[in-house]
Amino acid sequence: MKKVVFVDRDGTIIREPAGKQIDSLEKLEFIPGIIRGLKLLVDSGFTLVMVSNQDGLGTKQYPQKAFALVQKKILSLLEGEEITFEKIVICPHLRTENCRCRKPKTGLVESYMKKHAIDRGHSFVLGDRLTDVEFANNLGVHAIRLTRRNDPRAKYVTPDVFDACSFIARFARMASFTRTTSETTIAVNVTLDGAGKYEIATGIGFFDHMLEQLARHSRMDVTIHARGDLHIDEHHTVEDTGIVLGKTIREALGRKKGIQRFAFAAPLDEALAEVSIDLSGRSYVSFDCKFIRERVGEMPTELVEDFFRGFADGLGATMHIRCSGRNDHHKIEAIFKSVAVALRSAVHIDSRTRSFLPSTKGLL
Ligand SMILES: [Mg+2]
């Protein structure tokens with residue numbers, strides 16, 4: 001599904017001289033931070049749509065030609081920075097005309113919304129006015145308002161447009177995924193730049209405990225609700241949870257620009273686990289750990305490897321996992337903690353290389 005930012009023009013991309021038309025190049029001035037901000041949104045996997053009210057466009061007071069001159073300049077400058085809009089829609093009417101398209105009404109984007117599968121939970125309106133916030137509410141997406149004032153109806157309020165775009169980019173690294181088969185129903189929600197909060201219920205106590213370790217030590221916020229055919233055994237539930245969790249993290253990674261990609265971890269209990277991860281887009285697992293017990297709690301120990309095979313498949317990751325030790329509970333816990341710490345590094349965005357994909361192939 002597409003994550004979209006509907007961007008207002010006047011007062012958001014360019015300065016709006018006290019409610020006046022920007023009908024000549026002399027009046028054209030970009031808002032500081034907007035170019036960096038829009039680039040960040042594009043690099044974070046967002047599709048941009050420009051939505052603007054231009055009062056009386058096409059009249060003698062505001063000729064189409066004057067608008068087109070300014071608009072063309074804006075678009076060509078942004079294009080030079082690899083910032084493009086998938087769609088641009090303009091309402092030319094006055095408030096008094098009571099048209100269907102003037103923001104906060106949604107007439108301008110109705111056909112766009114119908115044509116594309118939009119992830120409304122991860123889409124935004126970015127604008128400076130109350131009508132932009134109302135427009136977001138009418139579309140069912142989040143509102144980000146550029147103002148010094150308070151606006152409780154907006155998801156985030158700031159006068160700084162780059163700060164606004166940074167907020168959206170952080171928020172973007174979230175994903176939800178639900179998978180239902182004849183054997184299991186698994187619903188997962190992941191926020192990569194979280195605080196390690198979790199809500200996990202798979203019906204297998206020890207497995208829940210391990211997934212909580214994964215969330216806490218990776219600093220991702222993770223919600224997992226799994227209902228599986230536990231009356232048969234634990235296998236489908238554990239493996240499918242791995243697949244869906246991996247897929248959800250992959251989705252949240254977006255285009256993977258700026259991520260560290262590689263990570264290594266080797267924390268110690270009495271058990272030593274060593275984990276290396278490469279978010280390469282390809283799935284491979286080397287698992288080297290011998291368990292003595294058949295189960296820890298309700299969880300068969302052989303399913304630890306199956307979980308990580310499913311996880312790597314869903315995530316598109318290469319994982320090397322080795323663990324030695326005496327106590328099987330400790331060994332499994334050391335593995336989950338190590339994977340968590342490695343993941344935390346691998347998904348981390350390095351601000352120096354934010355717009356680069358860590359691959360010479362240009363694809364991950
Ligand atoms: Mg505006």
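**A helix pair and a sheet**

Reply: In this predicted model, helix α6 (residues 205-218) packs with helix α9 (residues 328-347) at an angle of about 30°, and their axes are 8 Å apart. Angles under 35 degrees count as roughly parallel, so α6 is roughly parallel to α9. The crossing of the two helices is right-handed.

The residues in contact can be listed from each side. From α6 come Met210, Gln213, Leu214, His217 and Ser218. From α9 come Ile332, Glu333, Phe336, Lys337, Val339, Ala340, Val341, Leu343 and Arg344. Sorted by class, the contact of α6 with α9 has 8 nonpolar, 3 polar and 3 charged residues.

Next comes a sheet. Strands of a sheet pair through backbone hydrogen bonds, either parallel or antiparallel. Here the sheet is open and has 4 strands in the order β7-β8-β10-β9, with mixed pairing. Its edge strands are β7 and β9 (198-201), each of which pairs on one side only. From one strand to the next, the twist averages 5°.

The pairings can be followed strand by strand. Strand β7 (residues 174-180) runs antiparallel to strand β8 (residues 184-191), and 7 bridges join them. One of the residue pairs is Phe177 with its bridge partner Val188 in β8. A hairpin of 3 residues leads from β7 to β8.

On to the pairing of β8 with strand β10 (residues 221-228): these two are also antiparallel, joined by 8 bridges.

Helix α7 (residues 235-252) lies across β7, β8 and β10. Relative to β8, helix α7 runs at about 35°.

Finally, the whole chain gives the setting for these parts. The protein chain has 9 helices and 16 strands. Its C-alpha trace spans about 85 × 40 × 35 Å along its principal axes. Of the 364 residues in the protein chain, 42% are buried. Among contacts between residues at least 6 apart in sequence, 71% join residues at least 24 apart.

How values were computed: Residues numbered from 1 in each chain as written. Predicted model: local features only at pLDDT ≥ 70, side-chain atom pairs only at ≥ 80, totals over all residues. Pairing = 2+ DSSP bridges. Axes fitted to C-alpha atoms, helices over the stretch in contact; angles between N-to-C directions. Parallel < 35°, antiparallel > 145°, perpendicular 65-115°, else oblique. Left-handed = near helix turned anticlockwise from the far one by under 90°. Contact = placed C-beta atoms within 7 Å. Nonpolar A, V, L, I, M, F, W, Y, C, P; charged D, E, K, R; others polar. Buried ≥ 20, exposed ≤ 12 C-beta atoms within 10 Å, placed from the backbone.
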